[in-house]
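Colleague: I would like to take a close look at one part of this model and then see how the rest of the fold is described around it. Could you walk me through it in a connected way?

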Amino acid sequence: MNPQTILSPEELAQARERILAQIRRVIVGQDQVIDELLLALFADGHCLLVGVPGLAKTLLISTLARILDLEFSRIQFTPDLMPSDITGTEILEENRSTGARDFRFVKGPIFANLVLADEINRTPPKTQAALLQAMQEKEVTAAGQTHRLDLPFFVLATQNPIELEGTYPLPEAQLDRFMFNIFVDYPDEAQEVEIVSQTTGAEVPEVERVLTASQIVDLQRAVRSVPVSDHVMRYAVRLARATRPKDGAPRFVHDWVAWGAGPRASQYLILGGKARAILRGRETPAAEDIRAVAPAVLRHRIVTNFNAEADGIKTDDIIGKLLAEVSEPK
């Protein structure tokens, strides 16, 4: 693909198909996961991937980095990891010609375009928080100096949902910085047979570069410029507000929800809807686009109460009922 600025919906849809074709050379199945990853990337958001080990989360992310020609960095989060291990540290360096000593900042692994924060809940909150400024402001402050990160900047964090001993759950403020919470499920039988066949042979699939970093930044600007009707805007806000157990919320929300989604959920519903529409060749999002991204946007922003746990109700159950009961504005 020749370097060029891709701005029209048709070109964006074409770019999406080329990316998917390359990913399919390496990854089997996981269509929903891949689609949501691309939506978040082009909407300039971060993702939290939740799934058991062995579902190719790391392989998918590293493959995406190669296809998009992005600098990739993997951080394995452990209990002894320190904030400086992520952001970088200053070292004392001696000038051999003059003998003078000066401090030099050595950049950490966060200085990349695509950062995989593997098992982020295995490290204490102090180290988890080292990502906050980078995710929100696209910059890092160390030793009193602020360093800008190269764009695009995309954090993909993974969590294991079944092993909770010795982990540190992410605080709500940090969870809210993730645009999507993506659930990675097991493949079906046919897909698993294909995975085993593809990964136990001698052939290693190759992928081609589809986009450059500068083109991705152009795409993110194009998504931001997509117009949204007042009807769709009000529907996204209505859906986010319905998650809050206050007057006007559905009865089941009062029964099962302790805290609902904040305004950032409304923002991400619109951005996700914009990205979904334009990557499918449409010039403006519809309510169906908001509904499609709602589970990934709301999944980690709804805090259930004891009644929900006693009734066996999960967050996705609540989101499903919300999508069925919250009507579009007239």
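Colleague: Which residues in H9 meet which residues in H12?

Modeller: Bearing in mind that this is a predicted model, the contact is made by Ala 222, Val 223 and Arg 224 on the H9 side, and these meet Leu 271, Lys 274, Ala 275 and Ile 278 of H12. Sorted by class, the residues in this contact of H9 with H12 comprise five nonpolar and two charged ones, with no polar residue. Two packed helices are described by the angle between their axes and the distance between the axes. Here, helix H9 spans residues 213-224 and helix H12 spans residues 263-278, and their axes come within 9 Å and cross at roughly 110 degrees. Because angles of 65 to 115 degrees count as roughly perpendicular, H9 and H12 are described as roughly perpendicular to each other.

Turning to the sheet, five strands form an open arrangement in the order S2-S5-S8-S1-S9, with parallel pairing. Strand S2 (72-76) and strand S9 (180-183) stand at the edges, and each has a single partner strand, so one side of each is left without a neighbour in the sheet. On average, neighbouring strands of this sheet are turned by 20 degrees against each other, direction ignored. Helix H2 (residues 31-42) lies across S1, strand S8 (154-159) and S9, and runs at about 165 degrees to S9.

Note on methods: Residues numbered from 1 in each chain as written. Predicted model: local features only at pLDDT ≥ 70, side-chain atom pairs only at ≥ 80, totals over all residues. Heavy atoms only, no water. Axes fitted to C-alpha atoms, helices over the stretch in contact; angles between N-to-C directions. Helix = DSSP H or I, 4+ residues; strand = E, 2+ residues; numbered from the N terminus. Parallel < 35°, antiparallel > 145°, perpendicular 65-115°, else oblique. Contact = heavy atoms within 4.5 Å. Nonpolar A, V, L, I, M, F, W, Y, C, P; charged D, E, K, R; others polar. Pairing = 2+ DSSP bridges.
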